[in-house]
Amino acid sequence: MNRTVIFMLSLFLALPGKSQMLQQDPKPGYELRIKQYVDTLTVFDTHEHLYDPDILQRADFLDFAMLFLENGYNDLISAGMPDTLFNTIFSPSLAPAAKWKIIDPFWERSFNTANNRILIRSINDIYKVGRLDSATVLALSQRMKKSWSGEWFDSIVQKSCRIDFIVQDGKHLTQDKGYVRYAERFNPWILVRSKYAIDSIAIRQLDPIYTLEDFIKSLGNAFDKALKNGMAVTKIDIAYQRQISFENVSTDAARKVFKTLVSGNEDLRLTQKDAKPLQDYMVFQLLSMARDHKIPVAFHTGFQAGNKNYISNSNPLLLTNLFFSFPDVKFVLFHGSYPFGGELSVLAKTFKNVSIDMNWTYDISPAFAARYLDEWLETAPLNKIMAFGGDQRMIEMTYGSLMVAKKVVADVLTEKVKNRYFSEEEAKTAARMLLHDNGMEFYNIRVP
């Protein structure tokens with residue numbers, strides 16, 4: 001008899017009479033208990049671009065318009081507002097009422113978007129302002145100006161949001177809050193297209209760059225500096241400029257492009273196609289450094305901020321060869337790869353070294369976040385899904401995004417219990433992992 005048949009027959013005979021595949025009916029009240037449990041959880045925030053509270057506190061441009069940076073502003077543009085009005089809306093010389101007069105017609109066309117619903121939720125909960133209109137923008141701006149300080153910022157993070165760690169993109173906060181870790185980008189090296197760019201790096205580092213080896217060394221120096229400054233993850237977001245497809249280019253091919261650049265005039269700028277071999281080569285160099293230092297790598301995938309972008313640049317399937325080439329690097333794909341949720345599902349299920357990060361998805365579409373979280377809980381191992389990152393400039397908007405995220409997580413898990421896919425205790429375990437534990441593990445954060 002075939003060994004597989006014998007094994008399956010033995011397994012079947014060993015099973016108890018009652019199936020163990022389905023959970024028992026949940027005890028009444030599980031919906032409220034799951035929601036309450038999610039509300040009490042400490043949160044790991046995987047991704048932010050938060051403005052420094054010490055700078056905002058002293059700024060003369062702090063008013064309601066800041067809440068539109070940058071997602072709300074992009075929705076206003078999409079609704080028809082001329083993009084030439086950017087400097088006007090965020091000018092410190094213009095009063096809140098005058099700014100609202102500009103924004104109002106386009107707000108009326110875009111108040112429905114997820115980001116703008118989050119904005120309304122945020123100002124209602126934090127500033128007790130229930131709507132955004134000509135009658136409220138002055139009072140809202142005054143309350144923002146009065147509230148903003150380092151202590152208030154910490155209170156929103158730690159008490160209102162119950163966030164114990166934030167991964168902040170790039171620019172460091174003036175004060176070391178203790179709960180902040182950093183994502184660093186190395187775009188000058190991996191997007192290089194001009195002699196000027198190479199010379200600028202050399203000037204900043206006070207070290208000449210004449211050869212490809214010098215260029216790699218300069219990247220290594222920047223990487224080492226980032227490590228010393230607390231880098232927790234390397235972020236690659238070049239989908240805004242080009243496709244995220246990278247070939248394993250030979251050193252000779254990369255050197256040929258490099259020589260073309262350094263031998264040219266200061267104003268020489270290669271096309272993206274001609275520069276690609278050197279760029280791809282430097283991405284492989286960067287990933288090798290991340291592997292050697294055990295630093296995770298985050299890729300911006302899916303929807304790009306702003307207007308009129310090439311969404312095809314950021315399909316996560318384009319990264320597949322990197323997952324094969326660097327099996328020891330932990331990759332995380334940002335933004336739920338919206339709208340490529342199914343593709344992301346396959347990658348996270350297939351590759352041991354690929355994880356899902358849902359940051360920003362709640363501002364794009366909570367419906368997408370709920371639909372694909374439901375799917376990812378069925379396809380990917382639970383420890384590979386991180387369910388929250390605000391990806392915001394203003395902490396008020398992080399708060400609003402988190403409130404939506406908690407609702408989505410609670411609703412999806414409640415439905416899983418209702419359908420007997422999870423027990424109530426399994427749902428609670430999943431919530432804790434999604435909103436906190438998975439981020440802690442992925443970013444190698446240890447609490448004494």
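Biologist: What does buried mean here?
Modeller: A residue is buried when its relative accessible area is under 20%. This is a predicted model, and buried residues make up 53% of the 448 residues in the protein.

Biologist: How many helices and strands are there?
Modeller: The protein has 20 helices and eight strands. Its radius of gyration is 24 Å, close to the 22 Å that the globule rule gives for 448 residues, so the protein is as compact as a globular protein of that length.

Biologist: And what does the C-alpha trace span along its principal axes?
Modeller: About 80 × 70 × 45 Å.

Biologist: Which contacts join residues at least 24 apart?
Modeller: Take the contacts between residues at least 6 apart in sequence: 76% of them join residues at least 24 apart.

Biologist: Now the surface. What is its area, and what share belongs to carbon and sulfur atoms?
Modeller: The accessible surface comes to about 21,000 Å², and carbon and sulfur atoms account for 54% of that.

Biologist: How many charges are there, and how far apart are their mean positions?
Modeller: There are 53 positive and 51 negative charges, and their mean positions are 2 Å apart.

Biologist: Back to the inside. How many residues are in the largest nonpolar core?
Modeller: That core has 132 residues, and Leu-132 and Trp-148 have the most contacts inside it. Helix α19, residues 395-418, gives the most to this core, with 12 residues.

Biologist: Fine. What does Leu-132 touch?
Modeller: Not counting residues up to four places away in sequence, Leu-132 touches Phe-64, Phe-68, Trp-100, Trp-107, Leu-119, Ile-120, Ile-123, Val-137 and Leu-140.

Biologist: Where is His-300? Is it buried or exposed?
Modeller: His-300 sits in the loop between β5 (297-299) and α15 (320-325). Its relative accessibility is 2%, so His-300 counts as buried.

Biologist: How far is His-300 from Asp-357?
Modeller: They are 57 residues apart in sequence, and their C-alpha atoms are 10.0 Å apart in space.

Biologist: Change of topic: the backbone. Which peptide bond around Glu-70 is cis?
Modeller: The one from Leu-69 to Glu-70, with omega near -10 degrees. Glu-70 lies in the loop between α3 (53-58) and α4 (71-78).

Biologist: And what joins Tyr-338 and Pro-339?
Modeller: A cis peptide bond, with omega about 5 degrees. Pro-339 is in the loop between β6 (331-333) and α16 (341-350).

Biologist: What is phi of Asp-391?
Modeller: Near 55 degrees, which is a positive value in a residue other than glycine. Asp-391 is in the loop between β8 (385-386) and α19.

Biologist: Is Asp-391 buried or exposed?
Modeller: Asp-391 has a relative accessible area of 7%, so it is buried.

Biologist: What about phi of Asn-444?
Modeller: Asn-444 is not a glycine either, and its phi is positive, about 55 degrees. Asn-444 lies in the segment after α20 (424-442). At 38% relative accessibility, Asn-444 counts as partly exposed.

Terms used:
Residues are numbered from 1 along each chain as its sequence is written. This is a predicted model: local features need pLDDT of at least 70, side-chain atom pairs count only at pLDDT 80 or more; totals for chains, interfaces and linings use all residues. Side-chain values use heavy atoms; hydrogens and water are left out. Helices (H or I, at least four residues) and strands (E, at least two) are DSSP runs, numbered from the N terminus. The radius of gyration is taken over C-alpha atoms; the globule rule is 2.2 Å times the number of residues to the power 0.38. Buried means under 20% relative accessible area, exposed over 50%, partly exposed in between (1.4 Å probe, protein chains only). Contact means heavy atoms within 4.5 Å. Accessible areas come from the Shrake-Rupley method with a 1.4 Å probe; for residues, only the protein chains shown count as cover. Lys and Arg count as positive and Asp and Glu as negative; His and the chain ends are not counted. The place of a charge is taken as NZ of Lys, CZ of Arg, CG of Asp or CD of Glu. A nonpolar core is a set of buried Ala, Val, Leu, Ile, Met, Phe, Trp, Tyr and Cys residues joined through side-chain atoms within 4.5 Å.
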